[in-house]
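Please examine the sequence and the structure shown below. The paragraphs that follow lead through selected features.

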Amino acid sequence: MTVGIVGAGQLGRMMALAGYPLGLDFLFLDKDAGTPGGQVAPLIAGALDDRELLGQLSQRCEVVTFDWENIPVASLENLPGAARISPPLRALAVAQDRLTEKRSFELLGIPTTQYAAVDSRESLELAARTIGLPGILKTRRLGYDGKGQFVLRKPADLDRAWEALGKAPLLYENLVPFDAEVSVIAVRGLDGDVVFYPLNLNVHREGILRLTRAPYGNVALTRQAHRAAKKLLEHFRYVGVLTIEFFVKRGKLIANEVAPRVHNSGHWTIEGAETSQFENHVRAIAGLPLGSTRARGHSAMINLVGQMPTRERLLEEPGLHWHDYGKSARPGRKLGHLTICEASARTRDRRALKLLSRVDRETWLAVR
Ligand code: AMP
């Protein structure tokens, strides 16, 4: 069976690397063979929304999936060929727009932030008055890693925020004074079977995920997350991996956003869980039984951003797992990650923080 992947970034690359041992083949669509996915599997070169090339992909594959969720849904509708598309386009469409995303949370009874659509300077004024300050203004579409966002703390910020973002459709929401940020990764198989990973505790810096530790949280918190994920998976009759990001405030989860795909906060599962998120995504979309999501000990994942640290020196660290996505260095770009798995959360935390400051000294600070 050949799996088509639209987008050959690091997520697609890790899907293919997880799927080859299962006996599956892969074919990417992306701009060139130098992309992370193109370095490990065959690739059709072209734009991700090229109907002609998407048609070729769906004719040459049994199933088509994505490593990027912002592909225009219209370009994926009614493709020639018999390929299944997983996850479903309806889930993709909802996740592409922060407004429909919030409405879906509400519809399904998943607690989320207060929000209002903003499409004029007047509606921004009204939203800030109704929901209050501080708040955060976000572009409804194409925001990632904190891009397309503006935090408003005082009335004078309204003009600046409008000037910065006012050209696109927007969403205003209250700024949540959260205790922590977590995410949950869940998988639904072709036969409707659903499995969940434990919670991930995430630390962002300048809008980019910096550190994930898992498993996190008590039974009650985990149950809230799993319940929310199950509702979304069943609502969309979803197939594949789905991720929800939450704020934690006083032991309660507030949904921030949903990603219809494997997620950066789940990279630790490659070594730290019995079946990785990538393998389970591929298993789900290929119609294979899902694998165990049980954590093997306590894991930490550190993103390598902007510049790679010295491989030779870090590999001297016992038990350190090194992932290089094969991308060229650029400030703010995710180039790779490190994972460690320890027998206790305490050892994991101590070691992760030490590693993080070491990586910081070498890379993060160097590129700013
Ligand atoms: P997002 O692109 O929505 O995931 O936002 C990126 C990051 O900005 C989040 O991980 C939070 O750290 C922060 N953020 C976004 N929305 C809010 C909010 N409503 N309240 C507090 N922090 C937020």
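Helix 3 (residues 89-95) contributes the largest share of the lining of the largest cavity, namely 3 residues. In this predicted model, the lining of that cavity consists of A91, V94, A95, L232, F236, L242, V258 and P260. The space inside the largest cavity amounts to about 40 Å³, and the structure holds 1 cavity of 30 Å³ or more.

Helix 4 spans residues 98-107, and its buried residues are R98, L99, E101, K102, S104 and F105. At the start of this helix, a side-chain oxygen of D97 comes to within 2.8 Å of the backbone nitrogen of L99. After helix 4 comes G109, with a positive phi near 70 degrees.

Two or more lining residues come from each of helix 1 (10-19), helix 9 (277-285) and strand 17 (321-324). Helix 1 gives the most, with 4 residues.

Attention now turns to charged side chains. D67 is located in the loop between strand 4 (63-66) and strand 5 (84-85). Although D67 is buried, it has no salt bridge, and R261, the nearest side chain of opposite charge, lies 7.6 Å away. The side chain of D67 does, however, reach the backbone nitrogen of G12 at 3.0 Å. Apart from neighbours within four places in sequence, the contacts of D67 include I5, V6, G7, M15 and R261.

Across the whole structure, 20 salt bridges are found. One of them joins the side chains of K230 and E234, at 3.7 Å from N to O. Both residues belong to helix 7 (residues 219-235), where they stand 4 residues apart, about one turn of the helix. K230 has a relative accessible area of 36% and is partly exposed; E234, at 40%, is also partly exposed.

E317 and R351 form another salt bridge, with their closest N and O atoms 3.0 Å apart. This pair connects distant parts of the chain, 34 residues apart: E317 lies in the loop between helix 10 (311-314) and strand 17, whereas R351 lies in helix 11 (residues 345-364). E317 is partly exposed at 22% relative accessibility, while R351 is buried at 17%.

R348 and D349 also form a salt bridge, the closest N and O atoms being 2.7 Å apart. R348 is buried at 5% relative accessibility, and D349 is partly exposed at 23%. Salt bridges with shared partners unite E317, E342, R351 and R358 in one network.

Terms used
Residues numbered from 1 in each chain as written. Predicted model: local features only at pLDDT ≥ 70, side-chain atom pairs only at ≥ 80, totals over all residues. Heavy atoms only, no water. Buried < 20%, exposed > 50% of the residue type's maximum accessible area, 1.4 Å probe, protein only. Lys, Arg positive; Asp, Glu negative; His and termini not counted. Salt bridge = Lys/Arg side-chain N within 4 Å of Asp/Glu carboxyl O. Polar contact = N/O pair within 3.5 Å; in protein donor to acceptor, adjacent residues only side chain to side chain. Contact = heavy atoms within 4.5 Å. 1 Å grid on protein atoms, 1.4 Å probe; cavity = no way out; pocket = protein on both sides within 12 Å on 5 of 7 lines; lining within 4 Å. Points joined across faces, edges and corners; volume = space filled by probe spheres on them.
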